[in-house]
Amino acid sequence: MSVSVMSPAVPAPISFYTSIPPHIAETDHVQRSLVQLRSKSKGLEQYIFLNGLKERDPSLFYQILLSNMMEIIPILYTPTVGDACSFYSHIWRHPEGLYISIKHKGHIRQLLRAYPAGAKISVVTDGSRILGLGDLGANGLPISIGKLDLYVAGAGIRPSSTLPICLDVGTNTKKFIEDPLYIGVRQTRPVGSEMDEFMEEFMSAMSEVFPELVVQFEDFSTENAFKYLDLFRSRYKVFNDDIQGTGAVVLSGFLNAARISSAASGLPLSEHRILFFGAGSSGIGVAKQLVSFFTELGLSVDEAKKQIYTVDSKGLITADREGLQEHKKFFARTDYQGPALNSLVDIVNYVKPTALLGLSTIGGAFTEEVIKAMAATNHRPIIFPLSNPVSKCELGFQDAINWTHGRVVFASGSPYNPVIYEGTTYEAGQGNNMYMFPGIGLGVILSKAKHITDAMVEKAAIALSSSLNEEENSRELVYPRLDRIRDISTQVALAVAREAQKEGIDNNIVLRSLNDNEALKHIKGKMWKPYYESHLKLGSGRL
């Protein structure tokens, strides 16, 4: 397969500009594009339209994105990006990112050098576990593209500094291998040393060709997600969004949810019992983030672990289960001696959790019986059905409100419209990783940190939890509104940079010399902003 290279910040040829009518005003053309977008009745059609607009006129695309984020983000990312990935081989129109194939093993440096210099942030997937859709192989590239669009929107990263990559190492999904339009390598995935050697070459080459690059791993299989994060995190500037990003954003939401819930129950934060339904990379990653935070409150690791219960497809995870996967052992219960608990209702009645977190990708798993059992345990039950896309979400917002009579403290992975119940309007929180990864990446880039530590991610989560304004707190929201994302990312980035400074792994003397107010202004001043004029010049920026 040939190498595909895309740079979203390169303007179209000059001949294109000369054909522009003389009276195309900025606002007119923005509105014209929005009208065309809104005329598309299906999400996938809207995705294709925006995809084409970015190719033709990236500055206009990013201006529309920044000024209409609440409308555009669900198209570019969750939930529509799931459809884009599922059908990507059939809707592919032009090169958008970089494919690095297993067939290129031994030549990865040469391939990377073909990409324009200056990349500072890369989102890398191997397509093996896309959202809740499974192994999509080379069709996973839109995940990397979408996340980088959110870096631009949420943290002001210059588009030309972004590098979307799909590691095309094969797929174990038979229908793609047999699809005549499939764009990837037609083989099953390598395992063991072959894949490990490929990843070693890839990460070494990335660091050599792009020395300032921050790498975000995305949607790797659970086993490989933990393996490659552990293997590379102390050697390169790399983090895994499914493990650390999700962990941080859920920790942040949980802190605010627990505050709301505890106001009714009086239960101390450290005594909340959290039940995880789903024990993959996201579920275990979130659980470990909570353990880390609980230890900051003064609990030992063992005491913190006792507050967390995990459930997979076989039921409550206990240490005596045969063939238990390595990543599940840390939270396996040793204090349960009865018969296996397989039913979620039975597990809820046994554990009596104050919080139920869903990362299972099993749509509708939180039934009315489960929710009412939760509400019987906790007057303000914390329920976070976080699986994406919407079809995989464990519980809808309307049902959560109805079944708890409006008492639920709720956040989901996908967006939901407000719900009116008995005359009161309720807003759903969205545990969107966009709250977290743009700020983390920005903080690492600006501080010039050598690598990304657990403490940096935890400080990012605390910064997010503290970023709600007075109105948002009065509405009992667990997350700030997403239309403030650049302000939020600024606070997250500062928290990340300050922790890097504390640990002595930063390399930006200027940022270190500024007080917090000065640093916040400095960070905001570095954010790229597009502008659009009749002569169609590309926006200027910093990053």
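Two strands pair if DSSP finds at least two bridges between them. Helices (H or I, at least four residues) and strands (E, at least two) are DSSP runs, numbered from the N terminus. This is a predicted model, where local features need pLDDT of at least 70 and side-chain atom pairs count only at pLDDT 80 or more, while totals for chains, interfaces and linings use all residues. Residues are numbered from 1 along each chain as its sequence is written, and side-chain values use heavy atoms, with hydrogens and water left out.

**View 1. Five strands form an open, parallel sheet.**
The strand order is β1-β3-β2-β4-β5. β1 (98–101) and β5 (238–240) stand at the edges. Each has a single partner strand, so one side of each lacks a neighbour in the sheet. From one strand to the next, the twist averages 25 degrees. For such angles, axes are lines fitted to C-alpha atoms, for helices over the stretch in contact, and values run from 0 to 180 degrees between N-to-C directions. Helix α9 (residues 141–155) lies across β1, β2 (121–125), β3 (162–168), β4 and β5. α9 runs at about 165 degrees to β3.

**View 2. Strand β4 (residues 214–217) runs parallel to β5, joined by three bridges.**
Glutamine 216 has phenylalanine 239 of β5 as its bridge partner. Helix α12 (residues 222–232) packs on the sheet and touches β4 and β5; contact means heavy atoms within 4.5 Å. The direction of α12 makes about 160 degrees with that of β5.
On its other pairing, β4 meets β2 in the parallel sense over four bridges. Valine 124 has phenylalanine 217 of β4 as its bridge partner. Phenylalanine 217 also stands opposite asparagine 240 in β5. From β4 the chain crosses through α12 to β5, in a right-handed β-α-β crossover. Right-handed means that, with the strands pointing away from the viewer, the path from the first strand over the helix to the second runs clockwise.

**View 3. The side chains of β4 point two ways.**
In a regular strand the side chains alternate between the two faces of the sheet. Here Val214 and Gln216 point one way, and Val215 and Phe217 the other. All are buried, meaning under 20% relative accessible area; exposed is over 50%, and partly exposed lies in between (1.4 Å probe, protein chains only).

**View 4. Seven strands make an open sheet with mixed pairing.**
The order is β8-β7-β6-β9-β10-β11-β14. Which strands stand at the edges? They are β8 (315–316) and β14 (429–430). Each has a single partner strand, so one side of each is left without a neighbour in the sheet. Helix α13 packs on the sheet, touching β6, β9, β10 and β11 (409–412). The direction of α13 makes about 155 degrees with that of β10.

**View 5. Strand β9 (residues 355–358) is seen with its partners.**
β9 pairs in the parallel sense with strand β6 (residues 274–277) over four bridges. Leucine 357 of β9 is the bridge partner of phenylalanine 276. β9 also pairs in the parallel sense with strand β10 (residues 382–385), over four bridges. Glycine 358 has proline 385 of β10 as its bridge partner. Together with helix α17 (residues 368–377), β9 and β10 make a right-handed β-α-β unit. Ala355 and Leu357 point one way from β9, Leu356 and Gly358 the other, and all are buried.

**View 6. Helix α13 (residues 241–265) is largely enclosed by the rest of the structure, because 21 of its 25 residues are buried.**
At the start of α13, a side-chain oxygen of asparagine 240 reaches to within 2.9 Å of the backbone nitrogen of aspartate 242. Just after α13, glycine 266 takes a positive phi of about 75 degrees.

**View 7. Serine 465 lies in helix α20 (residues 454–465).**
Serine 465 has 13% relative accessibility, so it counts as buried. Leaving out residues up to four places away in sequence, serine 465 touches Ser252, Leu255 and Asn256.

Terms used
Polar contact = N/O pair within 3.5 Å; in protein donor to acceptor, adjacent residues only side chain to side chain.
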